[in-house]
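Please read the following points with the sequence and the model open beside you. They are meant for someone who is meeting this structure for the first time.

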Amino acid sequence: MPVIYLTDQGAMAHKKGERLIVEKKSDVILDMPLIHVEQLVVMGNVQLSAALITQLLLQEVDVAFFSSYGKYRGRLTPPALGFAQLRHRQYQVLGNAQTALPIAKQAIQAKLANQRRTLGRLAATAGSQVQATVLRATQTMQGIEGQVSAARDLDSLRGYEGSGAAAYFGGLKDLLPPGWGFNGRQYRPPPDAVNAALSFGYALLQSAVLGMVNLVGFDPYLGFFHTIDYNRPSLALDLMEEFRPVVVDAIVAPLFLRNQFTAQDFRREPGAKPGVYLVEDGRRRLIEAHEKQMATPVLYPRKKETTALRRVIEEQARHLANVVLGEAGSYQGYEA
């Protein structure tokens, strides 16, 4: 089990010998060798002992912290040692709009292709009327894909990405059961159950990508597509783009289409901007689906080999590092 999710509110995780022990109200709910832990995701009110934190740092285990609803809080990472050359080149290459643009084009082209194919796969068993609507959306997206290479700058590329997203989520809206009230992608806060599930799924994906970015040695806050802003891990968000449809959308939509979510899996939070969020049972269901998807063997075209989807993300991060260091000619986005 490469990633351990601690979601039981009030639980306490500590180190006993060389094992990770998680207890709640004197009951042991997890007992496993620490050597098997690649990443720890802590959600909400879960305590970590000082001895466990020290051991995780020594083992270079990435630890990510989220709210119980999946809002990213921060992470505990070991020092980034020996990555000065990569980071120096990252600031030169990705910090320059002109050298960043070809990389961004490839990533967005891959994202649009993956969105189009994901939508087509989801619609394969739908009725003829829905299939016709989805076909129009995918044709629009294919046309936008063809225009990406002509983008003159990052702003025009963001325009193409936004147009593609509008067509994609429009097709997804027609595909999903109307009773869930999904009218397109909205967040901060999510206004409906579908957006709540998508936001939670994207948070899980962000955690995985951030772990890979740190592993490779990048500065996660300087990217090639997303603008630089305070506390925004732009590079992780960039690398996420081509994986959003194949990791998150490809599992969230079927959970609604197959009635695996119920209204009880969500809760509306009051306030000036009331939002909808997954509750514990729904979060567990989505985490299970996410981990299963990340472990799915897929063909990785660059190396012509089959590997887990999680490893494809790592390979793409390493591929980008090779491009930035001048060891590879050009970046190639991952297309599923």
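1. Strands (E, at least two residues) and helices (H or I, at least four) are DSSP runs numbered from the N terminus, and two strands pair if DSSP finds at least two bridges between them. The model is predicted, so that local features need pLDDT of at least 70 and side-chain atom pairs count only at pLDDT 80 or more, while totals for chains, interfaces and linings use all residues. Residues are numbered from 1 along each chain as its sequence is written, and side-chain values use heavy atoms, with hydrogens and water left out.

2. Strands β3 and β4 form a hairpin with 2 residues between them, and Lys 25 in this turn has a positive phi of about 50°. The two strands, residues 19-24 and 27-33, run antiparallel and are joined by 6 bridges; Ile 21 has Asp 31 of β4 as its bridge partner.

3. Strands β2 and β6 pair in the parallel sense over 2 bridges, and Ala 13 stands opposite Leu 48 in β6.

4. His 14 is found in strand β2, residues 12-16. With 19% relative accessibility, His 14 counts as buried, a term that means under 20% relative accessible area with a 1.4 Å probe and protein chains only.

How values were computed
Buried means under 20% relative accessible area, exposed over 50%, partly exposed in between (1.4 Å probe, protein chains only).
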